[in-house]
Structure formats: C-alpha cells, structure tokens
Amino acid sequence: VAAGKISVEDWVSISNLIGRYYWLVDENDAEPWADLFTPDGVFIALGQEFHGTERLREVPGLQAPLGGRLRHSPAAIWIQYGATPDEALARYHAVVTTWLPEPGPQLMGMALCDMSLTRIGGAWKIRSNTVRLMEGVTRPAALADLEI
Amino acid sequence: MAPAGDIATEDWVEIANLIGQYQWLVDEGDPAWADLFTEDGAFLSQAGQGWRGHAALKEAALSTKTYFAGAMRHSPSAIHIDYDGSRDEATARYYSLVSTWFAEPGPEFFNMALCTARLARVGGDWKFRSNTMQGLHHAL
C-alpha cells in the first residue's frame, strides 16, 4: 500500500458499492451485479472462478433456490489504496444468514472478502473479489482453559 | 468537558475504517493490532482489567490465534462518534457482534460486546487510547 490514506469520498463510494453489491446479489439481479465488475473482473469463491461479465452473471443465480431468503451483512470494512489512488483493496467480512420457514433463522456462513478495485471513468469497479468461507476450523483445545 | 462540536465527516470515516482494520487484525491474531493503540493504550474490561501497553497488547492479539484459530469474528455496527474535549480526542461507541465458526458445534453467537473506544489524534492519525468492553454474554 503506497498511495496514502483513503479519502472520505473514496471510502464512502466503495462502502456504498459494497452495499449495492449485496442487495443485487441477494435479490438475484444478475446483470447490474456483474456490471459492478470490470469487463475482465473475477469472482473467486467455493473453489470456483467466474471470469468476465458473462460468467459473473451466473453468480447471483446460485442462491436463487433460496428465494431471496439468504442475506449477506457486510461488516469490519477496511479500505486502503493500492499502488496509486486509482486502485484500492477493501477487506471486510460478510455474515451470511438464511431466513427460511424451516428450520428458521440460521447463521449460515462467514465470508472473508478481499476485494480489489480500480477507478474507471471516475467510478470504482471491482477487479476481483476473493471470498474465503470459514469452514472446518477445529476448536483449539486451549479454548477450554480460557476463563471468560 | 465541553464537547467540541459534531464529528467531522473525515474523522468519522477515518475512525470507522480504523475500527474495521482493528477487527481484522485482532481476528487474524496479528500483533500489528497493538500499533493501532497509543504507546500506553489499553484494552480493558468494564472492571478495568485487561492489557496495557504495546507489549501486552501484542500478546492479547496473539492469544486470539491460540484460543480461536481465526474462527472468531467481530462484526462492528451502530458506530457513534463524538469529540471529547478537543477535536483531537474522540469517543467511539459501537456494538461488536462476536461469532465463532468452528466445525463443531458449528456457527454460534459468542458475545455482544458494547465497546467504548477513547481515541486521540497522534501525528495526524487516530489511535486508540483505550477500548473498554462490556460483554452481554461473556464478561471479558
């Protein structure tokens, strides 16, 4: 990271983009969601890579069977510029919840996200979003001894 | 002490970003977390117990790796920031919803931490002077 402290305008613009990103994907609005990326943008998650606008349009539909009852809640947003102020890295996590009648509300996943962005024509676009889903973490034995 | 006016947009954003960085670093067990505090900064329970100074704070960050292996995450929300006596001091209050994501027993709510962070502007950057937690489930 070499380009100094993130500006207010860029922090707000990128945070707003992250909000839009989740509304669109959670509502299965594929075309505008894919348009948040550069034409050669990539979404990496669940062991798959979706490169380019056509493939990106497939992503929102993956959760369509849940009928809009899966929601991502982003938090802990930390944004830094990259090598120049026209590149940025946003780190955040998204708590994934489901709200189906059966079995009721559930914590479904924790998505750790590294989003790379670039400014094109004055607007921020996503070059890549690499999502690491937290799963299979073994509970450390030491935790049993923690006095809380 | 008289308040120093409404928080400036620049300061609100910088502190909110700092809180995001703070949660990332502690959840990853990264000792760089300590550098977000002033030299005499402290991470405290309501009873005033906890870790004071960079050396102790580094240990606190590393201990999250030992106890939680990166499977504990803090989700901050309801961030509310006011200046204190001057525009170089501020108090940020926020909730931190703490969840754990172990394979067994699966995802769980671990705690709701009510956080009161006292901050100071040092060399143009905001730093934590202290962060005091009130846990609604686990005391800290």
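Reply: Let's start at B:Pro105, which sits in the loop between strand S4 (89-102) and strand S5 (106-122) of chain B. Strands (E, at least two residues) and helices (H or I, at least four) are DSSP runs, numbered from the N terminus. The peptide bond leading from B:Glu104 into B:Pro105 is cis, with omega near 10°.

Before going on, a word on the ground rules. This is a predicted model, in which local features need pLDDT of at least 70 and side-chain atom pairs count only at pLDDT 80 or more, while totals for chains, interfaces and linings use all residues. Residues are numbered from 1 along each chain as its sequence is written, chains are lettered from A and ligands numbered from 1 in the order in which they are written, and side-chain values use heavy atoms, leaving out hydrogens and water.

For one bridge to find by eye, look at B:Thr91, whose partner in S5(B) is B:Arg118.

S4(B) also has a partner in S3(B): ten bridges link these two strands, again in the antiparallel sense. Here too there is a hairpin, this time with five residues between S3(B) and S4(B). How much of S4(B) is covered? Ten of its 14 residues are buried, where buried means under 20% relative accessible area, exposed over 50%, and partly exposed in between (1.4 Å probe, protein chains only).

Follow S3(B) back towards helix H2 and you come to B:Ala69, in the loop between helix H2 (54-68) and strand S3 (72-83) of chain B. B:Ala69 is not a glycine, yet its phi is positive, at about 50°. Its relative accessible area is 35%, so B:Ala69 is partly exposed.

Now for the neighbouring chain. In all, 37 residues of chain B are in contact (heavy atoms within 4.5 Å) with 31 residues of chain A. B:Trp24, B:Tyr67 and B:Trp101 together supply 28% of the area that chain B buries against chain A, more than any other three residues. Buried area is the accessible area (1.4 Å probe) that two parts lose on being put together, summed over both. For chain B and chain A this comes to about 2800 Å², with 72% of it on carbon and sulfur atoms.

Three salt bridges cross this interface, a salt bridge being a side-chain nitrogen of Lys or Arg within 4 Å of a carboxyl oxygen of Asp or Glu. The side chains of A:Lys5 and B:Glu14 form a salt bridge, at 3.3 Å from N to O. On chain B, the elements that give two or more residues to the side touching chain A are helix H1 (9-27), H2, S3, S4 and S5. H1(B) gives the most, with twelve residues.

Finally, chain A has a cis peptide bond from A:Glu102 to A:Pro103, with omega near 10°. A:Pro103 is found in the loop between strand S4 (87-100) and strand S5 (104-120) of chain A.

How values were computed:
Two strands pair if DSSP finds at least two bridges between them.
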